[in-house]
Amino acid sequence: MRNLIINGGKQLNGTLKIHGAKNSVLPVISASILLSGKSVLHNCPDLTDVTAALEILECLGIKHKRSGSDITVFSDVPESFVIPDNLMRRMRSSVMFLGSILARCGRVTISAPGGCMLGPRPIDIHIAALKKLGAKVRENRGMLEFSAKGGLKGTDIVLDFPSVGATENIIMAAVFAKGKTTVHNAAREPEIKDLIDFLNSAGAKISNGGTDTVDIEGVKELHSTEHTVIPDRIEAATYLTAAAITGGNVKLIDVEPSNLSAVNDVLAKSGCEILCTGNSVTINAPARLKPVKLIKTNVYPGFPTDAGPLIVSALCTAGGTSVFCENIFENRYVFVDELSRFGADINTYGKIAVIEGKKTLLSAHCQCTDLRGGAALVIAALKAEGESTIGNICHIKRGYQDIAENLCRLGADVKEI
Ligand code: UD1
């Protein structure tokens with residue numbers, strides 16, 4: 001098992017390039033199945049979740065080539081329509097293949113998806129929407145079998161909750177449906193717009209991407225295309241928060257500042273100067289952060305749940321009490337016990353976390369519980385004086401490319417062993 005060894009107490013300073021977004025590249029890889037031809041994808045991060053998505057393609061008999069941050073998918077009608085249980089368990093995003101395989105093969109079989117243990121993560125919204133499009137669903141020995149023999153039919157779908165994954169699955173499923181599909185109360189995350197841009201560049205007819213009402217006009221076929229994945233706003237939020245806790249001055253390049261507004265607003269409230277220009281964000285943090293009275297997660301453009309653990313960690317050394325309210329996932333706070341090993345003073349009451357800022361944190365041995373919770377431990381270790389060990393970093397590798405190298409580039413002392 002690999003660990004991160006962090007010698008904390010060093011200020012982060014310098015410039016860093018942000019990778020492509022995990023939450024974009026995964027649905028885009030899934031959507032590449034829909035093309036009759038080649039998808040050339042640029043700016044793809046090297047993450048274990050991306051490797052898992054490519055393994056799903058292999059399992060379906062779809063060829064691909066990976067070279068640096070480019071991935072080329074040579075799409076054909078998949079030889080198989082079954083995603084085996086071991087691949088489904090590897091990551092939550094395996095559920096993203098539901099819509100694309102169903103649309104391309106007229107059937108798909110999956111088991112319950114894996115991923116971070118952030119509480120119950122049902123796929124009822126995905127299933128209800130696919131049924132509305134005309135799919136038949138059958139449960140067979142732990143596997144879910146979807147079929148749409150005569151093809152799917154466009155319809156109006158109203159989501160109970162603007163689920164990111166469900167919105168993406170419906171869009172992919174509806175690309176070849178007969179007629180028009182309208183998704184009401186759709187999620188508006190930037191990664192959804194990126195998926196839509198990819199599909200439209202291949203000949204899909206999807207309008208109003210990035211709004212809560214998305215229209216998909218069914219087409220017969222999609223053709224070859226080339227697409228550059230948008231920057232990862234959560235990776236960017238991670239390095240901004242790491243700079244904030246260490247009182248540093250860091251410039252991130254290759255980011256989309258408008259996608260980071262909610263995070264930047266909170267960092268500004270904590271006393272950081274934030275400067276956005278073109279495709280860069282610069283943070284200049286005070287020696288000690290100010291507490292933030294109340295931060296609430298919400299669907300985009302609200303404060304992203306994935307940045308919650310990062311900011312909770314940074315506020316552990318603020319000069320007073322901060323309150324955090326998590327509204328998306330029930331078990332987001334699984335990482336808090338591990339964070340307490342650094343001497344952090346956090347009490348959770350259901351959705352609420354009360355963070356009493358301490359002047360400093362202590363070095364600690366801890367274990368990652370999930371992806372963003374793991375990143376929160378890294379942030380704490382960067383502040384804590386002395387050597388900390390973070391174990392179970394397979395979680396971190398799902399979402400961060402070269403995290404140790406990147407932090408070292410900014411002046412931190414981090415080793416992966
Ligand atoms: C995506 C992101 C994840 C992010 C999350 C919320 C990817 C690969 N992952 O996950 O990083 O944390 O959005 O911004 O893009 N829900 C249901 N029934 C469903 C679907 C969802 O009850 O059928 C609930 C979930 O349990 C959760 C909430 O809705 O409480 C949000 O889930 P959703 O927006 O679907 O998140 P994901 O697509 O899984």
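A polar contact is a pair of N or O atoms within 3.5 Å; within protein, one of the two must be able to donate a hydrogen and the other to accept it, and residues adjacent in sequence count only if both atoms are side-chain atoms. The model is predicted, with local features needing pLDDT of at least 70 and side-chain atom pairs counting only at pLDDT 80 or more, while totals for chains, interfaces and linings use all residues. Residues are numbered from 1 along each chain as its sequence is written, and side-chain values use heavy atoms, with hydrogens and water left out.

**The ligand and its shell**

- The ligand is surrounded by 19 residues, of which D124, I125, S163, D306 and I328 are the closest; a residue is taken as near the ligand if one of its heavy atoms lies within 4 Å of it.
- Of the 730 Å² of accessible area that the ligand has on its own, the protein covers 86%, with areas computed by the Shrake-Rupley method with a 1.4 Å probe and, for residues, only the protein chains shown counting as cover.
- By residue class, the shell around the ligand is made up of 8 nonpolar, 6 polar and 5 charged residues, where Ala, Val, Leu, Ile, Met, Phe, Trp, Tyr, Cys and Pro count as nonpolar, Asp, Glu, Lys and Arg as charged, and the others, Gly among them, as polar.
- Helices α5 (124–132) and α6 (164–174) each supply at least two residues of this shell, and the largest share, 3 residues, comes from α5; helices (H or I, at least four residues) and strands (E, at least two) are DSSP runs numbered from the N terminus.

**Two domains**

- The domain assignment divides the protein into domain 1 (4–19 + 231–416) and domain 2 (22–228), with bounds that come from an automatic or database domain assignment.
- The C-alpha centres of domain 1 and domain 2 are 30 Å apart, and 24 residues of domain 1 are in contact with 20 residues of domain 2, contact meaning heavy atoms within 4.5 Å.
- Each of domain 1 and domain 2 contributes at least three residues to the shell around the ligand.

**The loop between β17 and α10**

- T297 is found in the loop between β17 (295–296) and α10 (308–314), and T297 counts as buried because its relative accessibility is 0%; buried means under 20% relative accessible area, exposed over 50%, and partly exposed in between, with a 1.4 Å probe and protein chains only.
- When neighbours within four places in sequence are left aside, T297 is in contact with F303, P304, T305, F324, C325, E326, N327 and I328.
- Although T297 and E326 are 29 residues apart along the chain, their C-alpha atoms are separated by 5.3 Å, and the side chain of T297 reaches the backbone nitrogen of N327 at 2.7 Å.
- P301 is also placed in the loop between β17 and α10, and a cis peptide bond with omega of about 10° joins Y300 and P301.

**Other buried positions**

- S280 is found in strand β16 (residues 280–284) and counts as buried because its relative accessibility is 3%.
- Leaving aside neighbours within four places in sequence, S280 is in contact with K251, L252, I253, V255, P257 and L275.
- A202 lies in the loop between α7 (190–201) and β11 (205–207), and A202 is classed as buried because its relative accessible area is 0%.
- Not counting residues up to four places away in sequence, A202 touches L35, L222, H223 and T225, whereas A202 and E356, 154 residues apart in sequence, are 51 Å apart in space, C-alpha to C-alpha.

**Residues with positive phi**

- D254, which is not a glycine, has a positive phi of about 60°; D254 is found in the loop between β14 (249–253) and α9 (261–269) and counts as partly exposed because its relative accessibility is 29%.
- N392, which is not a glycine, has a positive phi of about 60°; N392 lies in the loop between β22 (386–391) and α13 (394–397) and counts as partly exposed because its relative accessibility is 21%.
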